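Please read the following briefing alongside the sequence and the model.

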Amino acid sequence: MNRLTKTWQVSLQHIAERALGKKTGHPLWQKYHSAFPAEYQALVSPRYALKDMLHLEQVLASGNQRISLLNPCKRVDEYRLHFYSRQQRYLDEYIPILENMHFRVMDHVQFPVTVDGITLFIKSFTIKAARSQCASFSKLRIRMLETIEAMMDGMVEKVALNKLLVLTGMSWQEIDVIRAYRNYYLQLGHR
């Protein structure tokens with residue numbers, strides 16, 4: 001174990017114990033501290049690793065995929081979008097969703113994390129708005145995550161109208177109403 005890895009793990013332990021209390025934080029840290037690969041530690045700060053650990057715990061408990069949006073990275077307008085799941089997923093599952101949300105994907109990585117003999121996956125994308133946006137991703141966070149989850153669950157079509165969320169701040173339900181009006185209009189046969 002190199003010095004940087006040891007410092008990262010000690011920081012993770014302190015953050016987990018401070019945020020969750022020693023009684024909860026320490027066992028969680030013990031469970032995950034050696035599970036994160038060096039590439040992950042180089043990219044993700046211990047503060048965000050704690051959030052990832054909590055999401056991975058939810059995946060372990062429920063088996064359902066989880067999503068989170070991490071605050072700005074090195075640049076103020078870039079964010080990290082993390083997907084957590086029990087199965088390895090591929091880019092062709094994510095790119096239509098991200099493009100139709102009006103995101104520009106700057107990079108992506110996938111990290112396998114083995115905990116209690118179970119391998120989980122974190123798929124991480126650096127994203128920013130493709131052109132303009134009505135508000136920062138911090139303000140749109142909840143609606144963005146709800147919309148992405150709805151698309152992943154098949155409740156919402158993966159179409160370009162979803163970019164209205166970033167452009168106007170509309171919820172996926174409001175966008176779905178516009179989609180219904182559009183489809184009805186197209187069925188009428190008007191040009």
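With which residue does Lys-31 form a salt bridge, and how far apart are the closest N and O atoms? The partner is Asp-116, and the closest N and O atoms of the pair are 3.6 Å apart, a salt bridge being a side-chain nitrogen of Lys or Arg within 4 Å of a carboxyl oxygen of Asp or Glu. This is a predicted model, in which local features need pLDDT of at least 70 and side-chain atom pairs count only at pLDDT 80 or more, whereas totals for chains, interfaces and linings use all residues. Residues are numbered from 1 along each chain as its sequence is written, and side-chain values use heavy atoms, with hydrogens and water left out.

**Salt bridges**

- The structure holds six salt bridges, and three residues, Lys-31, Glu-57 and Asp-116, are linked in a network of them.
- Helices (H or I, at least four residues) and strands (E, at least two) are DSSP runs, numbered from the N terminus.
- Lys-31 forms its salt bridge with Asp-116, and this pair links distant parts of the chain, with Lys-31 in helix α2 and Asp-116 in the loop between β3 (103-115) and β4, 85 residues apart.
- The relative accessible area is 27% for Lys-31, which is partly exposed, 25% for Glu-57, which also counts as partly exposed, and 62% for Asp-116, which is exposed; buried means under 20% relative accessible area, exposed over 50%, and partly exposed in between (1.4 Å probe, protein chains only).
- Asp-107 and Arg-80 form another salt bridge, with the closest N and O atoms 3.4 Å apart, and this pair connects strand β3, which holds Asp-107, to strand β2, which holds Arg-80, over 27 residues.
- In this pair, Asp-107 is partly exposed at a relative accessible area of 35%, whereas Arg-80 is buried at 5%.

**The sheet**

- An open sheet of four strands has the order β1-β2-β4-β3 with antiparallel pairing, where two strands pair if DSSP finds at least two bridges between them.
- The edge strands are β1 and β3, each of which pairs on one side only, and neighbouring strands are turned by 20 degrees against each other on average, direction ignored.
- Five bridges join β1 to β2, with Phe-83 in β2 as the bridge partner of Ile-67; seven bridges join β2 to β4, with Phe-121 in β4 as the partner of Ser-85.
- β3 and β4 are joined by 12 bridges, and the partner of Val-105 in β4 is Ile-127.
- Helix α4 packs on the sheet and touches β1, β2, β3 and β4, its direction making about 170 degrees with that of β1; axes are lines fitted to C-alpha atoms, for helices over the stretch in contact, and angles run from 0 to 180 degrees between N-to-C directions.
- Seven of the seven residues of β2 are buried, so this strand is largely enclosed by the rest of the structure; both of its faces are covered, with Tyr-79, Leu-81, Phe-83 and Ser-85 on one side and Arg-80, His-82 and Tyr-84 on the other.

**Nonpolar cores**

- The largest nonpolar core has 28 residues, and those with the most contacts inside it are Leu-81, Phe-103, Ile-127, Phe-137 and Met-144; such a core is a set of buried Ala, Val, Leu, Ile, Met, Phe, Trp, Tyr and Cys residues joined through side-chain atoms within 4.5 Å.
- Among the elements that give two or more residues to this core are β2 (79-85), β4 (118-129) and α6 (137-152), and α6 gives the most, with seven residues.
- A second, separate core of 25 residues includes Met-53, Leu-56, Tyr-84 and Val-115.

- Thr-147 lies in helix α6 and is buried, with a relative accessible area of 0%; leaving aside neighbours within four places in sequence, Thr-147 is in contact (heavy atoms within 4.5 Å) with Met-101, Leu-165 and Trp-172.
- Gln-13 lies in helix α1 (residues 3-20) and counts as buried at 18% relative accessibility; not counting residues up to four places away in sequence, Gln-13 touches His-26 and Trp-29.
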